[in-house]
Amino acid sequence: MSAPLSPSSANSPAGSALITGASSGIGACFARALAVRGRNLALVARSKDKLEALKSELAPGHSLRIEVIEQDLSLEGAAQRLATALDERGIAVDLLVNNAGFGAHGQFWKLPLDRQAEMLRLNIATLTELTYLLLPAMLERRGGGVINISSTASFQPVPYSSVYAATKAYVTSFSMGLAEEVRGYGVKVLALCPGGTATNFFEAGKFSKTDFPGGLASPEDVVEAGLRAFDGGRSVAITGFINQAMVFAERLVSRRFTAVQAGRTFRPKGLDDGTRSNE
Ligand SMILES: NC(=O)c1ccc[n+]([C@@H]2O[C@H](COP(=O)([O-])OP(=O)(O)OC[C@H]3O[C@@H](n4cnc5c(N)ncnc54)[C@H](OP(=O)(O)O)[C@@H]3O)[C@@H](O)[C@H]2O)c1
């Protein structure tokens, strides 16, 4: 269902929507949903073949400009290189969807340090730098916005995904703070917080899908809820009733309690957690 056009709407036809991590999952669904809304697109990820396939899927049905940009966004300086590529191609971005990200499941000190450092750069540094580089043009035009893909993990510590949950806590806090800074300029910022969603996320981070007893949402539903929230000017959106109820309930108990409970849920099967050696 299309919403009224406005400079800050996800439907606005003016500039392009830049989607990071558009090669699969939630990012690819954002691309499909925004193409239906008539948005020109800039699709970014490492898998150029998948981005080209998505472009071919979207292009015939719509007379849109769709640009594919192959980039590893976990590398130092990636945001600046992407901004330069956008300039060179004459792409003006008025909707930035910072979606690229990954998690890792396991004991913090046993997960490879370089993988966790890569996560910090992708989930936090590149997201922040891209926002910094693309926001001024939106402020000048007094329209457009940023959708940052956070997570329900942003509202509580998550043992065995401690770094991932901390990166998402950053994303929600940063997005909600920035949303208030730019509101008067007609620019929107949304922290979109899905719970477990059926994508490649689980394979990439070696998570178990059975740790999500409530089942997994479809990425299409997550994206539709996100675009509705963005158009409605919300600064945070938790997708799905059960996730909303859980985040609400977490506010009623101590943070330590939520951490202990999450530790029970996400503890890798058969793990020696150190307590046996203290007995
Ligand atoms: N699925 C869930 O349960 C869930 C829940 C809450 C939040 N999220 C968040 O949702 C976002 C999207 O994840 P998803 O669930 O759709 O998982 P996904 O299917 O694994 O998609 C991840 C996307 O990020 C891209 N990406 C990964 N590393 C990259 C890099 N170094 N440079 C550029 N792009 C990179 C991947 O593309 P390439 O591999 O081609 O580079 C892919 O397009 C993430 O921020 C994730 O944290 C997911």
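A residue counts as near a molecule or strand when its C-beta atom, placed from the backbone, lies within 6 Å of it. These legends describe a predicted model, in which local features need pLDDT of at least 70, side-chain atom pairs count only at pLDDT 80 or more, and totals for chains, interfaces and linings use all residues. Residues are numbered from 1 along each chain as its sequence is written.

**View 1. The shell around the ligand.** There are 30 residues around the ligand, and Gly-21, Gly-25, Arg-46, Ser-47 and Gly-101 come nearest. Two elements give two or more residues each to this shell, helix H1 (25-36) and helix H6 (201-205). (Helices are DSSP runs of H or I with at least four residues, strands are runs of E with at least two, and both are numbered from the N terminus.) H1 supplies the largest share, three residues. By type, the shell splits into eleven nonpolar, 16 polar and three charged residues. Here Ala, Val, Leu, Ile, Met, Phe, Trp, Tyr, Cys and Pro are nonpolar, Asp, Glu, Lys and Arg are charged, and the others, Gly among them, are polar.

**View 2. Ile-19 and the largest nonpolar core.** This core has 63 residues, and Ile-19, Ala-22, Ala-31, Leu-41, Leu-43 and Val-44 have the most contacts inside it. A nonpolar core means a set of buried Ala, Val, Leu, Ile, Met, Phe, Trp, Tyr and Cys residues joined through C-beta atoms within 7 Å. As for "buried", that takes 20 or more other C-beta atoms within 10 Å of a residue's own; 12 or fewer make it exposed, anything in between partly exposed, with C-beta atoms placed from the backbone. Skip residues up to four places away in sequence, and Ile-19 touches Gly-27, Phe-30, Ala-31, Leu-41, Leu-43, Val-44, Val-97 and Asn-99. Contact means that two C-beta atoms, placed from the backbone, lie within 7 Å.

**View 3. Helix H3, with a buried face.** H3 (residues 78-89) has twelve residues and reaches 17 Å from first C-alpha to last, close to the 16 Å expected at 1.5 Å a residue; the expected span is 1.5 Å times one less than the number of residues. Its buried residues are Ala-78, Ala-79, Leu-82 and Leu-86. Just after H3, Gly-90 has a positive phi of about 70 degrees.

**View 4. Helix H7 and what it packs against.** The buried residues of H7 are Pro-219, Val-222, Val-223, Gly-226, Leu-227, Ala-229, Phe-230 and Asp-231. They pack against H1 and strands S5 (145-149), S6 (188-193) and S7 (236-238). Just after H7 comes Gly-233, with a positive phi of about 80 degrees.

**View 5. Asn-148 in strand S5.** Asn-148 belongs to S5 and is buried, because 29 other C-beta atoms lie within 10 Å. Beyond four places in sequence, Asn-148 contacts Asn-98, Leu-127, Val-171, Ser-175, Leu-190, Ala-191 and Leu-192.

**View 6. Two non-glycine residues with positive phi.** Arg-142, in the loop between H4 and S5, has phi near 55 degrees. It is partly exposed, with 13 C-beta neighbours inside 10 Å. Tyr-160, in the loop between S5 and helix H5 (162-182), has phi near 70 degrees. Tyr-160 counts as buried, with 22 C-beta neighbours inside 10 Å.
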